[in-house]
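Please open the model in a viewer and keep the selection tool at hand.

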Amino acid sequence: MRLDHVNIRTARLDEMRAWYAAVLGLEEGWRPAFGFPGAWLYAGDAPIVHLVGVETTDRGGPTLQLEHFALSGDDLTAFRARLKAAGIAAEERPVPGTDLLQLHIADPDGNHIHIDFRTG
């Protein structure tokens with residue numbers, strides 16, 4: 001098994017669509033003609049982030065417990081430059097005992113994401 005995609009409900013569909021393209025470099029692509037607004041954002045051929053446009057993110061029930069999702073990056077220097085150009089601060093955390101560096105950021109809705117880079 002592998003993770004197929006992350007689905008995010010948002011009341012700021014246009015802002016989130018633009019952010020995921022500008023900051024993470026994902027590209028909007030084909031999406032089935034569902035009866036509700038949304039966008040599928042692709043990394044290469046894979047639609048890894050699905051955005052669903054809603055009036056409110058309040059479901060009136062239990063709080064969702066997803067803490068974060070992570071993506072693998074391949075050009076640390078270019079990603080740092082992209083974050084700087086967008087005015088986004090990242091918390092950089094090396095993973096002890098590995099050559100992995102995590103850059104922790106948040107999207108416009110406050111969802112926690114980290115991008116992992118091999119440094120060795």
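**First stop: the sheet**

Select Phe-69, which stands opposite Ile-113 in strand 8. Strands here are DSSP runs of E with at least two residues, helices are runs of H or I with at least four residues, and both are numbered from the N terminus. The model is a predicted one, in which local features need pLDDT of at least 70 and side-chain atom pairs count only at pLDDT 80 or more, while totals for chains, interfaces and linings use all residues. Residues are numbered from 1 along each chain as its sequence is written, and side-chain values use heavy atoms, with hydrogens and water left out.

Next, display the open sheet to which they belong: 4 strands in the order 5-8-7-6, with mixed pairing. Its edges are strand 5 (69–72) and strand 6 (91–94), each of which pairs on one side only. On average, neighbouring strands of this sheet are turned by 25 degrees against each other, direction ignored.

Contact means heavy atoms within 4.5 Å.

**Second stop: Asp-116**

Select Asp-116 in strand 8. Is Asp-116 buried or exposed? Asp-116 is buried yet has no salt bridge. Buried denotes under 20% relative accessible area, exposed over 50%, and partly exposed in between (1.4 Å probe, protein chains only); a salt bridge is a side-chain nitrogen of Lys or Arg within 4 Å of a carboxyl oxygen of Asp or Glu. The nearest side chain of opposite charge, Arg-118, is 7.4 Å away (Lys and Arg count as positive, Asp and Glu as negative; His and the chain ends are not counted). Residues touched by Asp-116 include Ala-70, Ser-72, Leu-100 and Gln-102.

Select Trp-30, Phe-34, Phe-36 and Trp-40, which ring pairs link into a cluster. Rings of Phe, Tyr and Trp (its six-membered ring) pair if their centres lie within 6.5 Å; planes under 30 degrees apart count as stacked, over 60 as edge-to-face and the rest as tilted. Trp-30 and Trp-40 are edge-to-face, at 5.8 Å centre to centre and 85 degrees between the planes. Trp-30 is exposed at 58% relative accessibility, whereas Trp-40 is buried at 14%. Phe-34 and Phe-36 have ring centres 5.2 Å apart and planes at 15 degrees, so this pair is stacked.

How values were computed: Two strands pair if DSSP finds at least two bridges between them. Axes are lines fitted to C-alpha atoms, for helices over the stretch in contact, and angles run from 0 to 180 degrees between N-to-C directions. Lists of a residue's contacts leave out its neighbours within four places in sequence.
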